[in-house]
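Good morning, colleagues. Please look at the model on the screen while I take you through a few of its features.

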Amino acid sequence: MMKYFSSRDNTLRLSASRAIYQGLSEDGGLFVPDGFHRFSREELEQLIPLNYQQMAVRVLESYLDDFTKEEVSAAVAAAYGTGFDSPQTAPTVSLDETTHILELWHGPTHAFKDMALQLLPHLMTLSAAKTGDGREVVILVATSGDTGKAALEGFKDVPGTRIMVFYPRDGVSDVQKLQMTTQQGGNVWVESVHGNFDDAQSGVKAIFTDGELKRTLSEKGFVFSSANSINLGRLIPQIVYYFYSYFTLVREGKLALGDKVNIVVPTGNFGNILAAYYGMKMGLPVRKFICASNKNKVLTDFFLTGCYSLDRTFYTTMSPSMDILISSNLERLLCDLCAGDSDKVKKLYTELKQSGSFQVDEETKTKMDGLFYGGFCDEEQTTETIRRVFEEKNYCLDPHSAVAYHVLEQYRAQTGDGTPAIVASTANPYKFSDSVLTALGGSAQGKTGLQCVELLHERIGLPVPEAITRLKTSPVRFTASCEAAEMKDAVLQFLGGKA
């Protein structure tokens, strides 16, 4: 049976349900699998004809082996049933013979986070039933924009749960903010933080590791868990869509089984690209992982030098979901590259906490060089890419996806590698309507995000999702704001009826 251990203590061994229920290890580490099921050639051939739900069950069951196949199948059916506006769930659109766009934004909140956060509530309630003791699960989320809304929508009115989302007050788009602050549901709360995403994320991690607070709330009938990608139940479902995209291209005759691809991911917290890496460990044929950053290029610098340093300026950009300096899931990658040596990983992250940086050893750097390429795209390049791709390909990218597209072009120009590429497109362009409208020559000055949606629709013709249209008449429910140091008090206030 597969077990999960802390990236900072490999003597711990938890079941999948316990790791999902707990979210984050008490030592501050992230839970990682103690092995991977690698698909044989015959098993890969069996994946070719599967639809998205069937593919999800096949991939997930190897990680969730303390769940029955019936439980996994029911959870998948509930997650990917009626909430997606594409019959393929995650379609792949080919812009040319070697550039394929994996659209991950056809779910209810129109961002890639839906791909996992429609499933996580089902996994969480199953996990609570298997390992819990009747306590109410409190989901705490720090978001740079999309995770918050997707988690709120997924956990809305789910029995036995409450969910609280913190977002950077000035670090999300108008549409993202409205999506969160108008959220319905009797078990939800949203609050902005005076600071950036890293401040919010650090605050949530501090709450998770506050032993006294956890004991107090446990006595009152609460237990914390997470919907961020630090939770395995968020990360593992993301592996599925890389397999599905690859086999979509195989079915369409654009790849032969076994052909390698490059996978390009715009990322800040490193979870989405780590899921692709886990897919490779399972047998997905990947040549290179292309890690695309915006102006906050901490990951680009890390893959170039092997030094991870927080001593840098934080920028607020038009791709806010990537405005992150502390890339949590990088810890999981390093744990795997270090062959599960949790002492080594713990030392690195102790150095990061104490001095603001760490340097990996030569062996680890060599492994990274063979697998990863890091590149970045500034604001001017993002704008230019959105404009050019729309003019040349008649395809509209959101700012995050434009970052990925630009970095792919950069990689190809530098290396001459013409390997077919799957580019993760992470959000519907209407979620960042002001930036996309401006890139296409329109004016967003003095206009609200929703006004920009209407003007953008006139330019690109892509149907505006109903969920975004509804924001025009949805009342704002949440206006509270706090300092990062006050997040603990905000949580206690949210739980005030019992805490």
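Predicted model: local features only at pLDDT ≥ 70, side-chain atom pairs only at ≥ 80, totals over all residues.

Let me begin with a question: does His-110 count as buried or exposed? At 6% relative accessibility, His-110 counts as buried. Here, buried means under 20% relative accessible area, exposed means over 50%, and partly exposed lies in between, with a 1.4 Å probe and protein chains only.

Residues are numbered from 1 along each chain as its sequence is written, and side-chain values use heavy atoms, with hydrogens and water left out.

To return to His-110, this residue sits in the loop between β5 (99-103) and α5 (114-117). Helices (H or I, at least four residues) and strands (E, at least two) are DSSP runs, numbered from the N terminus. His-110 is not a glycine, yet its phi is positive, at about 65 degrees. Thr-89 also has a positive phi, near 70 degrees, and is likewise a residue other than glycine. Thr-89 belongs to the loop between α4 (69-79) and β4 (92-94), and it is buried, with a relative accessible area of 5%.

Gln-184 counts as partly exposed because its relative accessibility is 42%. Which residues does Gln-184 touch, not counting those up to four places away in sequence? They are Lys-156 and Arg-477, where contact means heavy atoms within 4.5 Å.

I turn now to the interior. In soluble globular proteins, nonpolar side chains tend to be buried together. A nonpolar core is a set of buried Ala, Val, Leu, Ile, Met, Phe, Trp, Tyr and Cys residues joined through side-chain atoms within 4.5 Å. The largest such core in this model has 109 residues, and Tyr-242, Phe-243, Phe-270, Tyr-277 and Phe-289 touch the most other members. Helix α11 (residues 232-251) supplies the largest share of this core, 13 residues. Apart from it lies another core, of 35 residues, including Trp-105 and Val-436. Leaving aside neighbours within four places in sequence, the contacts of Phe-270 include Cys-291, Leu-299, Phe-303 and Phe-372.

Next, please find strand β11 (residues 286-293), where seven of the eight residues are buried. Strand β10 (residues 261-266) runs parallel to β11 and is joined to it by six bridges; two strands pair if DSSP finds at least two bridges between them. In this pairing, Val-261 stands opposite Val-286. Strand β14 (residues 372-376) also runs parallel to β11, with five bridges, and here Ser-293 stands opposite Phe-376. Together, β10, helix α12 (residues 271-281) and β11 make a right-handed β-α-β unit. Right-handed means that, with the strands pointing away from the viewer, the path from the first strand over the helix to the second runs clockwise.

Finally, the aromatic rings. How many aromatic pairs does a search of the whole structure find? The search finds 23. Rings of Phe, Tyr and Trp (its six-membered ring) pair if their centres lie within 6.5 Å; planes under 30 degrees apart count as stacked, over 60 as edge-to-face and the rest as tilted. Tyr-308 and Phe-358 form a stacked pair, 5.6 Å centre to centre with 15 degrees between the planes. Tyr-308 lies in strand β12 (residues 307-309) and Phe-358 in strand β13 (residues 357-359), so the pair ties together parts that are 50 residues apart in sequence. Both Tyr-308 and Phe-358 are buried.

Tyr-373 and Tyr-411 form an edge-to-face pair, because their ring centres are 5.0 Å apart and their planes stand at 65 degrees. This pair links distant parts of the chain, with Tyr-373 in strand β14 and Tyr-411 in helix α18 (residues 399-415), 38 residues apart. Both Tyr-373 and Tyr-411 are buried. One aromatic cluster includes Phe-270, Tyr-277, Phe-289, Tyr-308, Phe-358 and Phe-372 among its members. Thank you for your attention.
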